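Dear colleague,

I am passing on to you the structure that we talked about, and I would ask you to keep it open while you read the notes that follow.

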Amino acid sequence: MSVLSTNHPSIKNISIYPNPTKGDIIISNDMNFDKISINNTLGQIITIINKNQSGVYSLPNIQDGLYYITFYNTNNEKIGVSKLIKQD
């Protein structure tokens with residue numbers, strides 16, 4: 001038996017809500033990130049969004065499904081990944 005794993009670190013102390021979402025999400029955490037990318041289950045980048053002061057991020061053109069939010073630091077290094085469900 002083998003164990004399925006990813007090379008991405010997980011994020012602790014993060015809140016993404018509402019999750020599932022209908023369009024807007026709020027991200028609050030203790031991690032310092034510069035931008036996020038929304039990726040589909042094939043790993044394709046759907047959109048990249050720069051960090052903002054409000055912590056509210058709009059995802060109006062994303063179809064229903066499972067996505068991964070990848071967090072990047074100011075050096076464009078991946079610092080974490082979290083799951084997101086989009087459903088209307």
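Please keep in mind that this is a predicted model. As background, the strands of a sheet pair through backbone hydrogen bonds, and this pairing can be either parallel or antiparallel.

I begin with the open sheet, in which three strands follow one another in the order β1-β2-β5 and the pairing is antiparallel. Its edge strands are β1 (14-17) and β5 (56-58), each of which pairs on one side only. On average, and with direction ignored, neighbouring strands of this sheet are turned by 20° against each other. If you look at strand β2, which covers residues 24-29, you will find that three bridges join it to β5 and that the two run antiparallel. Within this region, isoleucine 26 stands opposite valine 56, a residue of β5.

The other pairings that I would like to point out involve β6. Strand β6 (residues 65-72) pairs with strand β3 (residues 35-39) in the antiparallel sense, over five bridges, and here you can find serine 37 opposite threonine 70 of β6. Strand β6 also pairs with strand β7 (residues 78-86), again in the antiparallel sense, and this pairing extends over eight bridges; leucine 66, for its part, has isoleucine 85 in β7 as its bridge partner.

What lies between β6 and β7 in their hairpin? Five residues separate the two strands, and in the turn asparagine 76 has a positive phi of about 65°.

Methods: Residues are numbered from 1 along each chain as its sequence is written. This is a predicted model: local features need pLDDT of at least 70, side-chain atom pairs count only at pLDDT 80 or more; totals for chains, interfaces and linings use all residues. Side-chain values use heavy atoms; hydrogens and water are left out. Two strands pair if DSSP finds at least two bridges between them. Helices (H or I, at least four residues) and strands (E, at least two) are DSSP runs, numbered from the N terminus. Axes are lines fitted to C-alpha atoms, for helices over the stretch in contact, and angles run from 0 to 180 degrees between N-to-C directions.
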